[in-house]
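The sequence and model go in below.

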Amino acid sequence: MEKIRVKIDGIETYVERGTSILNAAKGAGVHIPHLCYSENLSVTAACRLCIVEVEGNRSLVASCSTPVFDGMIVRTSTERVITARRHIIELLLSDHPKDCMVCEKSGDCLLERYAYEYGLREVRFRGEQHNYPVRSSNPFYERDYNKCILCGRCVTVCHEVQFCEAVDFSGRGFNTKVATFFDRSMAESPCVFCGNCVS
């Protein structure tokens, strides 16, 4: 495979053509924050937190879905990028429970980690918030849609790894959520309770 030259935050690296900016950066030891990307799943580019600046582009690009080209110059932590990432995190937190201190994921949550990393102590955006009831009809796990950030990982793993397509995106816009067909219980869906969506 042909190797091409890419410069990321001043670090020159050679990667295979077709490699994403995110993976090229990872290979060069540069961390780019991300929520929806998973190494073993297809790219959805849903969260947009992995945005970076590419020299010559007017707009920021999602590094998980943008392939490198020869001579590409990427900047991952300019003021413009950091400001955009802060806004993305704020928008995610604006419709998220404010229970980080008592949440069972506390300390093991990427959204919480990035909120602290980017210095977000309060959210400026106010508006309608979801208030879904916790779905506990499943004998193995509960579904709390109030904490869902619509990253799509559970949908992708259900479709691509387990091949049972028990869950998918339902609704549009603000009313989008991950659900079974007709929002039935998991027992009434093709779910085999493998746990891949949870992990």
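This is a predicted model: local features need pLDDT of at least 70, side-chain atom pairs count only at pLDDT 80 or more; totals for chains, interfaces and linings use all residues.

**Entry 1: surface and overall layout**

Residues are numbered from 1 along each chain as its sequence is written, and side-chain values use heavy atoms, with hydrogens and water left out.

I checked the extent next: the C-alpha trace spans about 55 × 40 × 30 Å along its principal axes. I then read off 4 helices and 7 strands. Helices (H or I, at least four residues) and strands (E, at least two) are DSSP runs, numbered from the N terminus. Along the sequence I wrote down the pattern β-β-α-β-β-β-α-α-α-β-β.

Of the 199 residues, 41% are buried. Buried means under 20% relative accessible area, exposed over 50%, and partly exposed in between (1.4 Å probe, protein chains only). For contacts (heavy atoms within 4.5 Å), I took the pairs at least 6 apart in sequence and found that 55% of them join residues at least 24 apart.

**Entry 2: nonpolar cores**

I listed the nonpolar cores, each a set of buried Ala, Val, Leu, Ile, Met, Phe, Trp, Tyr and Cys residues joined through side-chain atoms within 4.5 Å. Which residues touch the most other members of the largest core? They are I21 and V68, in a core of 22 residues. The elements giving two or more residues to this core are β1 (3–8), α1 (21–27), β3 (51–54), β4 (61–62) and β5 (72–75). Helix α1 gives the largest share, 4 residues.

**Entry 3: aromatic pairs**

A pair of aromatic rings is described by the distance of the centres and the angle of the planes. I used the rule that rings of Phe, Tyr and Trp (its six-membered ring) pair if their centres lie within 6.5 Å, with planes under 30 degrees apart counted as stacked, over 60 as edge-to-face and the rest as tilted. The count by this rule is 2 aromatic pairs.

Y132 and Y145 form an edge-to-face pair, because their ring centres are 5.8 Å apart and their planes stand at 75°. Both residues are in the loop between α3 (110–117) and α4 (153–160), 13 residues apart. I found Y132 and Y145 both buried.

F140 and F193 form a tilted pair, at 5.3 Å centre to centre with 50° between the planes. F140 lies in the loop between α3 and α4 and F193 in the segment after β7 (177–179), so this pair ties together parts 53 residues apart in sequence. F140 counts as exposed at 60% relative accessibility, whereas F193 counts as partly exposed at 27%.

**Entry 4: salt bridges**

Side chains of opposite charge can pair when their charged atoms come close. How many salt bridges does the structure hold? I got 8, taking a salt bridge as a side-chain nitrogen of Lys or Arg within 4 Å of a carboxyl oxygen of Asp or Glu.

R75 bridges to E55, with the closest N and O atoms 2.7 Å apart. R75 is in strand β5 and E55 in the loop between β3 and β4, 20 residues apart. R75 is partly exposed at 32% relative accessible area, and E55 is partly exposed at 43%.

E90 bridges to R124, with the closest N and O atoms 2.7 Å apart. E90 sits in helix α2 (residues 79–94) and R124 in the loop between α3 and α4, 34 residues apart. Is E90 buried or exposed? E90 is buried at 2%, whereas R124 is exposed at 54%.

R135 bridges to D183, with the closest N and O atoms 3.1 Å apart. R135, K177 and D183 are linked in a network of salt bridges.
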